[in-house]
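Here is a short tour for anyone who likes to start from the side chains. Please have the model open and follow along.

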Amino acid sequence: DAAACVLVNGLRSNAPDAFLASVIAPRIVTALETLARTAVRGQRCDARWAGPWPDLLDEEGRDAVRRAARVLLRAQLKGALLTDDRALLKAFAQHAAAWKASLGSEWKPFITQDVLKTLVDAAKTLEICDDEDYQRWQVVDASRVVASIGVRGDDVAAVVKGALGPRFVTTLRASLIAEAWAEAGCLYCAWRDRLLSDDGLPSLPEAASNAAVEVLTCGLDLISLSLDDPAMLARAPLPPLASLTFEAARQKTTVVEQPAPPQQRKAWRPALDASGFAVFADVVQRFAAENDVLYAPKPNRTHDGKQLYAFGRATIYLDRNVTFVKRGDGYVPVALEDLLAQDA
């Protein structure tokens, strides 16, 4: 095929050859379309032989071949997502990289539209289970592979956070509510290792790695809450991450906001009691907010008639401007700073 390209290039005149436009271009397009129909079923394909032809064709033929190549590459990625054969993913990445120069202007829409839509669609049907040997990892693995062909790190991060993250979080939460502790632990560890381990696949880009850590941290928060109070986990609303979509996650990474002019912060003033002293509960709430720690009352939970609160992973109550934290079977006084250090 390379020799044929050289021959035809030598025979052609300065004007586009009618033979190339009317005979060669349609046959190349037909061949690529035929390969696409087999590639989408997970069969191996290699159409690098067609790579040199777009430069030999007129504009119409060149565009037709490039569109057909995009269809083929997307079909190859879909086929690679049907099984857990990493070799198919690596073959797709090599094939796509070989077509980068030949696709010309079609390359950008391929990596910003075709690849991402294929991954997001596949994530919707991703089979998630607690047993790593039976978990289908192809979409997770593909998220790592596509970065090697030029997909932006922010776009991969949107796939991890907006397509994979919600599936993982909702599945983990369901396991915890069912009190299937071992299964939940296995599920978390398997996803952590698959997303972040150095196991022969390219590592996630920095932005996507940060998104993976955010997803896994959400999972850890659910696990901590379930161990402290399973009933509260069932009553609590789903984490915001569970309802996130790829489009919303991607928009957050692509919209550049102009920095707002600095605003002067109003001095915080706690509520005062009848004697003019600061209400201690208001002080604790402010302290928790400034240190990004969960602070909320535990419904129908009291100790000696005093309301119990969740302060991060700890259980506390307030009595006469003193914080008491649960230790073993009893409660002991503790300073807020020490409580914060223990929760870290």
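With a relative accessibility of 17%, glutamate 106 counts as buried, because the cut-off for that label is under 20%. This is a predicted model, so please read every value as computed from it. Glutamate 106 sits in the loop that links helix 4 (86–103) to helix 5 (107–124). Which residues does glutamate 106 contact, leaving aside its neighbours within four places in sequence? They are Arg66, Arg67 and Arg70. With arginine 70, the side chain of glutamate 106 makes a polar contact of 2.7 Å.

Now to the nonpolar side chains. The largest nonpolar core holds 84 residues, and the members that touch the most others are Leu32, Phe92, Trp99, Phe110, Phe168 and Trp191. Helix 7 (residues 153–177) is the main contributor, giving 11 residues to this core. Another core, of 15 residues, lies apart from it and includes Val284, Tyr295, Tyr309 and Leu336. As for phenylalanine 92, its contacts beyond four places in sequence are Leu73, Gln76, Leu77, Phe110, Val115, Val146 and Ile149.

Finally, the cysteines. A search of the whole structure turns up zero disulfides.

| Residue | Relative accessible area | Class |
|---|---|---|
| Cysteine 186 | 45% | partly exposed |
| Cysteine 189 | 32% | partly exposed |

Methods. Residues numbered from 1 in each chain as written. Predicted model: local features only at pLDDT ≥ 70, side-chain atom pairs only at ≥ 80, totals over all residues. Heavy atoms only, no water. Core = buried A, V, L, I, M, F, W, Y, C linked by side-chain atoms within 4.5 Å. Buried < 20%, exposed > 50% of the residue type's maximum accessible area, 1.4 Å probe, protein only. Helix = DSSP H or I, 4+ residues; strand = E, 2+ residues; numbered from the N terminus. Contact = heavy atoms within 4.5 Å. Polar contact = N/O pair within 3.5 Å; in protein donor to acceptor, adjacent residues only side chain to side chain. Disulfide = S-S within 2.5 Å.
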